[in-house]
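Please keep the structure open while you read.

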Amino acid sequence: MSLGAAPNANGDDVSPITGDSTTAAAAAAAQPAQPDPNAKAVHDVVNSEIGVATLLNRLKQSIASAKEFAIFLKKRSTLEEEHSNGLKKLCRLTTESIRRPEHRHGTFLHSYEEVTNIHERMADNGAQFASSLHQMHEDLLELASNMERGRKHWKATGLAAEQRVADIEAAMRKSKAKYDGLAEDYDRARTGDRQSGKIFGLKGPKSAAQHEEDLLKKVQAADADYASKVQTAQAQRAELWSKLRPEAVKALQDLIKECDSALTLQMQKFASFNEKLLLSNGLNISPLKVSEQGSQPRSLREVVYAIDNEKDLSNYVSSFANKVPPRTSEIKYERNAVLIPTNQPSAPPPQRQSDPPASYSSRQGPPQAFGAAQPPHQTHNSQPFNQGPPPALQQHERSFSQGPPMQQYNNSPLSGSINSSMGGPPRAPSQGAPYNSSSIVSNGPPQLSTLPFQAQQAPPPSFSQPQQQAVPSAYTQSLSSGPATANLPPLKPVFGLSLDQLFERDGSAVPMVVYQCIQAVDLFGLEVEGIYRLSGTQSHVNKIKAMFDNGKPTDASRVDFRDPANFFHDVNSVAGLLKQFFRDLPDPLLTSQHYAGFIEAAKNDDDIVRRDSLHAIINSLPDPNYATLRALMLHLHRVTDASNANRMNASNLAIVFGPTLMGTSTSPNIQDSGWQVRVIDTILQNTYQIFDDD
């Protein structure tokens, strides 16, 4: 569509809009006018007693619509003016700031300035658009004011004429009633149907003849008055129907058409101004390409793509060529003659920190009995120092951190073969006992000295061969520290495995970590304010987690949280560990398979239907999931029983455990979080109806 000259800022039409709108108008004019199906009904209404009142109400609607659109134009004009002024201010401040020496120059500066110029032209278009809208607002207010004055005039004129005719007709009907009454009295007096006795008047008693004569005079006077009022009413009605009412109706119809046409014209101008604004901004951003040669404005895309980063960098760096300092002489190390020994050979070059000691390098290869010896540098190349200790040393360190496995290491055939190959006798089982004699108790839970995060450890056993020298103390300390041990893969992982895997491996439907955490909170945390809401100490959580992950297959089952010392007297850390266990499950406790079913069940507004729907889905869970959920819900119900002390009611616990038990990545829809909370809250509110409490 081609756009002609739009109305100017004063609201005057410079030229009509050409294009599709002109074609549509011409096509509409070419079509014959369709007869109005409501013409007869309109004629009947406007020529009746309610015609003037109906047109007055219609004119009132037109005036109200014009005022409303004027308010819209004023607000839109204010917004456009604020946007234009803000854009101009932004361009001015940006132009002043970008020219500072701390910003980039070159092609970037030129393109940036051209971008701000484009925005300034867009701001000018917006300012002109706002000015035009403001003028249209004033024109509409003036139109509404003129229409109000015309409406008041014709309301007074038209309604007054209608009221005069109505009053004359009422007086005529009253006169007729009086006339009819006197005629009846006269008829009774004339026919002799009168009351017995004398009739008294102002001058004394009247005879029947006198009374009849008086009634006749009154009837004649009433007849003359009635006839006069009928003539007056006929004349006023004829004047109303022929002149006054048609004038008022025509004037009101003209006012309505004028107001409606002016409002429609202003709306057409508003549409034209919007098209002009968008078209002008579009031409600023992407000008039309003409075939004539010469300077043409570039589009915004061309301006941005004209930035040459390589050129700007090269020009900036080359501008400092005259400031390059002279090259200094080569740096050399010259040892003072005083420190040079006279009778000793020169020392070997210093060893890098990244290279392992010679004694440690000699341990990287297999013992001499298993194969030929390798030079230390070859061993270093084949197994770098930063990749961790060799397998044998790694097994020894993990065995040491766990206690009893050290004795298995001493009794293993590999240990005997290594000792025999190194020339020493094989280790007896009793030789390993003093080494770990205090690290584990035969009965009861493991002591803290056997945990992998324990920093204090005994030195590893030394071998008899000179090639198997002890690792330097600094390296031994780094291996025996907590973080190094924590980085080892777990011996018997508990966290991160599915409930089915734990059930198949351990034979317990409820994992031991869940049982122990529930037991600890039941004993020591039911009256702790904010239990399961407050976070414990992360270091304690990591250490307690290592108890279950890095213990021997028989150690994790012997963890006893009935002693608070085993969890550092920090019950909040135990609560955090329980939540972390459920978060680390590969499949959430309530399973991804039944996620949609739980959400749909939660959307039921009826409490009984929602409870029964959730109960049916819970019964279909796998056995480990059902048993674990039952144990957890019965425990959380006990927590809610103590909510007066811990401030954790069913709603608060549902907020904490909703995403934990149903999974945070199960559904990308964030709106499901509310339904997740409702699922857990409904289960907690109906725990004993869903699960048995034995």
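1. α22 and α24 are roughly antiparallel to each other, because angles over 145 degrees get that name. Their axes come within 10 Å and cross at roughly 150 degrees. Axes here are lines fitted to C-alpha atoms, for helices over the stretch in contact, and angles run from 0 to 180 degrees between N-to-C directions. Helices are DSSP runs (H or I, at least four residues), numbered from the N terminus.

2. This is a predicted model: local features need pLDDT of at least 70, side-chain atom pairs count only at pLDDT 80 or more, and totals for chains, interfaces and linings use all residues. Residues are numbered from 1 along each chain as its sequence is written, and side-chain values use heavy atoms, with hydrogens and water left out.

3. Which residues of α22 meet α24? They are Leu 632, Met 633, Leu 636, Val 639 and Thr 640. Their partners in α24 are Ala 650, Leu 653, Phe 657 and Leu 661. Contact means heavy atoms within 4.5 Å.

4. Helix α24 spans residues 650-662 and has a kink of about 40 degrees at Val 656. Gly 663 follows α24, with a positive phi near 95 degrees.

5. Now the second pair. Helix α18 (residues 538-549) packs against α19 at an angle of about 60 degrees, with axes 9 Å apart. His 540 and Phe 548 are among the α18 residues that meet α19.

Technical notes
The bend at a residue is the angle between axes fitted to the seven residues ending there and the seven starting there. Helices (H or I, at least four residues) and strands (E, at least two) are DSSP runs, numbered from the N terminus. Angles under 35 degrees count as roughly parallel, over 145 as roughly antiparallel, 65 to 115 as roughly perpendicular and the rest as oblique.
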